[in-house]
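Please take a moment with the sequence and the 3D view before reading on.

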Amino acid sequence: MSGICLAAKLKHAGVPTFTVLEKATDVGGTWRDNRYPGLRCDVPSAFYQYSFHPNPDWSHWLSSGAQIHNYIRTVVDDHGLREHIQLGVEVTCAEFVNGVWRVQDSTGTVREADFLITATGVLHHPVLPDIPGLDDFAGTKFHSARWNDTVSLADKRVAVIGTGSTGAQLVTALAGRVAHLDLFQRTPQWILPLPNWPTDPLTKRLRARMPWLMAAEYALIKRAFALFSTALISPGWQRWLVESLCRAHLYAVRNRELRRTLTPDYQPGCKRLVMSGGFYRAVQRRNVDVVTTAIAHVEPRGIVTADGRLHEADVLVFATGFDAHAYLRPMELIGPDGTTLAEVWRDGPRAYRTIALPGFPNFFMLMGPHSPIGNFSLVAIAEAQSDHIMKWISAWRQGWFSTAAPTAESTAKYNTELRRALPGTVWASGCASWYLGTDGSPEVWPWTPQAHARMLADRHVEDFHVDTEPSAVKVATE
Ligand code: N01
């Protein structure tokens with residue numbers, strides 16, 4: 001999603017030579033990889049889209065993953081990006097040598113580039129649980145992000161492990177389609193009721209005829225989500241409102257014991273808030289059990305919990321999330337002085353203003369460390385970061401510099417301010433989540449998304465080591 005965003009901006013700016021390298025055989029990133037039943041984006045489609053490519057035809061207020069994937073493919077075609085994309089190319093290493101990035105793929109082929117930009121996503125590497133006996137299971141098992149379409153789930157006993165956004169969407173979609181469903185819940189989740197409805201044909205026609213209507217819709221939802229994000233970064237009435245809505249929603253669960261089982265003991269938003277209008281209905285079905293006893297091991301017939309009970313299953317689905325901190329990995333980056341990314345990030349991923357790294361010239365990241373990823377539209381974040389990167393590329397094309405990288409001092413200063421703000425956020429209020437780094441500190445943006453956009457509106461050249469030498473030659477030959 002973010003790579004295509006930047007590619008479109010490069011194309012619009014008339015940059016003649018750029019290449020997008022993609023290891024898979026199709027574009028779409030997370031919307032290509034995730035195909036599980038019930039997958040929807042919980043950010044409204046009128047906002048979860050590129051502002052430069054509004055789509056009047058979204059079928060729903062919250063669209064399906066398949067529809068978003070198709071939208072991204074359409075953007076690729078409509079903006080003439082296909083010719084710039086090389087599919088099936090997995091980058092293994094990139095090294096900055098003699099003023100250029102030498103980018104090596106898994107076949108050993110090397111491409112040279114003046115700028116290297118990574119758009120490798122945050123939730124990319126599925127995590128499988130470390131449960132004894134998993135390999136002994138006689139049925140079918142797979143991770144939610146590697147959905148197995150060859151297995152028919154009707155009339156099957158399905159066990160779902162995990163109750164994050166994925167688990168909630170999966171259970172809502174599967175409950176009515178399978179013989180029996182066991183949901184293994186280690187920690188309950190707060191669920192904000194978010195309704196979904198189809199877009200009526202009149203709205204689609206109005207959107208298509210009046211683009212300003214779509215722009216207004218985009219701006220309105222963006223504002224609402226920005227307001228929501230303040231609930232996450234500081235205490236106040238917004239946080240109280242979110243908590244009240246979640247607590248009231250719990251009363252959709254009629255059975256007191258089940259309601260108690262589903263009630264978290266941490267603040268809403270501490271773990272990534274789940275948005276669902278149907279999850280509580282699904283778990284109250286006769287054929288669904290919420291299992292809270294810890295999983296002891298797996299045996300051929302199913303899952304055995306710590307109380308010795310066997311929960312028989314034909315299919316095991318791991319909705320157990322992703323390694324959110326493996327930015328860019330296993331790719332290796334090597335700076336001009338031989339410093340590697342592995343060395344720089346030994347204590348966790350740190351960046352300058354979410355987009356750059358000291359010691360790595362002409363290198364930028366989309367969705368880099370501490371990008372605002374808490375329940376906001378990542379498309380809007382990708383656009384703000386892409387616009388910023390385009391400012392640097394445009395300055396380079398005008399011959400203003402040859403290489404630029406943030407200074408270690410400016411990066412340290414930014415990270416000090418960031419770390420000072422993190423303890424006040426809801427993510428640091430006491431729960432385990434994928435937002436937390438290995439040091440237990442949240443690896444997310446502790447201010448508003450507007451503050452992120454404002455920060456990136458300027459290049460802050462004073463924070464960079466800027467080399468002005470040989471650029472003019474390159475521009476003359478471009
Ligand atoms: O993963 P998660 P996800 N035994 O990490 C449990 C985005 N997203 O795929 O809480 C038992 O949130 C774990 O339990 P616990 C969104 O940003 C967006 O659901 O650690 N359980 C947890 O319940 C989201 O946050 C959409 O105790 C185990 C679950 O697995 C992110 O993706 C849709 C376990 C993992 O939850 C990731 O969501 C879907 C074990 N060994 C996803 N290991 C949109 O709509 C883990 N768990 C935009």
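Predicted model: local features only at pLDDT ≥ 70, side-chain atom pairs only at ≥ 80, totals over all residues.

Guide: Residues are numbered from 1 along each chain as its sequence is written, and side-chain values use heavy atoms, with hydrogens and water left out.

Visitor: Which residues come nearest to the ligand?

Guide: A residue is near a molecule if one of its heavy atoms lies within 4 Å of it. There are 22 residues around the ligand, and those that come nearest are R40, T166, T187, K271 and W434.

Visitor: Which helix gives the largest share of the shell around the ligand?

Guide: Domain 1 (2–123 + 325–477) and domain 2 (134–215 + 232–318) each supply at least three residues to this shell, their bounds coming from an automatic or database domain assignment. Helices here are DSSP runs of H or I with at least four residues, numbered from the N terminus. The largest share, three residues, belongs to residues 165–174, which form helix α4.

Visitor: How far is an oxygen atom of the ligand from an N or O atom in the side chain of W434?

Guide: A polar contact is a pair of N or O atoms within 3.5 Å; within protein, one must be able to donate a hydrogen and the other to accept it, and residues adjacent in sequence count only if both atoms are side-chain atoms. On the backbone, a polar atom of T163 lies 2.9 Å from a ligand oxygen, and an N or O atom of S165 lies 3.2 Å from one. For the side chain of W434, the distance is 2.8 Å.

Visitor: Is H388 buried or exposed?

Guide: H388 sits in helix α11 (residues 378–397), and its side chain makes a polar contact of 3.2 Å with that of W392. Leaving aside neighbours within four places in sequence, H388 is in contact (heavy atoms within 4.5 Å) with I355, L456, D458 and R459. Buried means under 20% relative accessible area, exposed over 50% and partly exposed in between, with a 1.4 Å probe and protein chains only. Because its relative accessible area is 2%, H388 is buried.

Visitor: What is the relative accessibility of L39?

Guide: L39 lies in the loop between α2 (30–33) and α3 (65–78). Not counting residues up to four places away in sequence, L39 touches W31, N34, S64, G65 and Q169. L39 counts as buried because its relative accessibility is 11%.

Note on methods
Helix = DSSP H or I, 4+ residues; strand = E, 2+ residues; numbered from the N terminus.
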